[in-house]
Amino acid sequence: MQLSLGLSRSPLEALRDSLLCEFGPQRPVARMDPISQLVKSSISGRTTDAVSWAAFLRLRAAFKCWEDLAQATEAHVLEIIQDVTYPQDKARRLPMALRMIQDRIGWLSLSHLKALSVDSARHELQSLPGVGVKVAASVLNFSDLAMRALVVDTHVDRVAKRVGLVGSGDTSQTYHALMTLAPDAWTADDLFELHWLLKRGLGQMLCSHDAPRCGACPLKHDCAKLGVGHSADVLPWRPRDA
């Protein structure tokens with residue numbers, strides 16, 4: 001991929017600059033505490049943001065504190081989150097993960113992760129039931145821990161491969177490849193921004209799985225277009241408020 005504007009620049013810098021020009025800044029407005037973020041991210045996999053946020057708000061209304069959720073039955077949690085994808089698995093694993101944190105730390109908190117390296121904190125989180133690299137990175141980056149971890153969901157994974165930033169492999173391999181490309185000077189907010197530029201801007205608005213709108217893409221001249229057929233839409237795209 002030919003996105004780098006110089007030998008000293010990471011290709012992620014040129015990609016981010018191009019997407020910023022199209023979609024504008026994507027900076028966090030507010031951050032939740034790490035346990036709340038863990039709850040939200042644990043029920044979000046393969047589920048639309050609207051559905052997962054609604055389920056999270058129902059959980060928050062149903063329990064006075066997350067310690068109560070840790071002691072809840074699978075059936076009770078399932079009743080609350082039944083419209084998310086794979087609800088039974090999530091209803092079983094989420095309380096288990098919270099109890100494991102309590103057993104390890106002595107209370108329900110993840111604030112100690114701030115003192116660890118990103119990789120150590122991520123490995124600790126990924127040892128919890130139902131927590132993979134995406135959920136772990138979400139807790140580290142999206143919460144008020146504000147650590148340097150890029151959240152790689154299915155959209156980010158797809159477009160990173162399509163434009164040629166990373167090779168084949170699972171989301172864990174994509175995470176490691178993109179983190180290697182991320183400039184050392186980038187902060188947690190920069191990685192937060194890159195996630196949303198790749199997911200919402202590129203992945204959801206322009207570069208869908210089946211119908212990428214290549215003609216409207218700011219990366220069209222540099223993208224490897226891996227897996228894109230000749231019938232890709234070439235019509236221009238404009239933001240909804242344009």
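This is a predicted model: local features need pLDDT of at least 70, side-chain atom pairs count only at pLDDT 80 or more; totals for chains, interfaces and linings use all residues.

Visitor: What do the buried residues of α8 pack against?

Guide: They pack against α2, α7 (118-126), α10 and α11. Contact here means heavy atoms within 4.5 Å. The helix names come from DSSP runs, numbered from the N terminus: helices are H or I with at least four residues, strands are E with at least two. Residues are numbered from 1 along each chain as its sequence is written, and side-chain values use heavy atoms, with hydrogens and water left out.

Visitor: How many residues of α8 are buried?

Guide: 9 of its 10 residues are buried, so α8 is mostly covered. Buried means under 20% relative accessible area, exposed means over 50%, and partly exposed is in between, using a 1.4 Å probe and protein chains only. Among the buried ones are Val 133, Ala 136, Ser 138 and Phe 142.

Visitor: Why does Ser 138 count as buried?

Guide: Because its relative accessibility is 3%. Ser 138 sits in α8, which covers residues 133-142. Setting aside residues up to four places away in sequence, Ser 138 touches Gln 37, Ser 41, Ser 143 and Val 151.

Visitor: Where is Ser 44?

Guide: Ser 44 is in the loop between α2 (34-42) and α3 (49-62). Ser 44 counts as buried because its relative accessibility is 11%. A polar atom of its side chain lies 2.6 Å from the backbone oxygen of Lys 40; a polar contact is a pair of N or O atoms within 3.5 Å, where within protein one must be able to donate a hydrogen and the other to accept it, and residues adjacent in sequence count only if both atoms are side-chain atoms.

Visitor: New topic: what about α9?

Guide: Helix α9 (residues 154-163) is mostly covered, with 7 of its 10 residues buried. The elements covering those buried residues include α1 (11-23), α10 (171-181) and α11 (188-206). At the start of α9, a side-chain oxygen of Asp 153 reaches to within 3.1 Å of the backbone nitrogen of His 155. Just after the helix, Gly 164 has a positive phi of about 95°.

Visitor: How do α9 and α11 cross?

Guide: Their axes come within 9 Å and cross at roughly 75°. Axes are lines fitted to C-alpha atoms, for helices over the stretch in contact, and angles run from 0 to 180 degrees between N-to-C directions. The two helices are therefore roughly perpendicular: that label covers 65 to 115 degrees, while under 35 is roughly parallel, over 145 roughly antiparallel and the rest oblique.

Visitor: Last one: how many disulfides are there?

Guide: The structure holds 0 disulfides, a disulfide being a pair of cysteine sulfur atoms within 2.5 Å. For Cys 21, the closest cysteine sulfur is in Cys 217, 13 Å away, which is too far for a bond. Cys 21 is exposed, with a relative accessible area of 72%.
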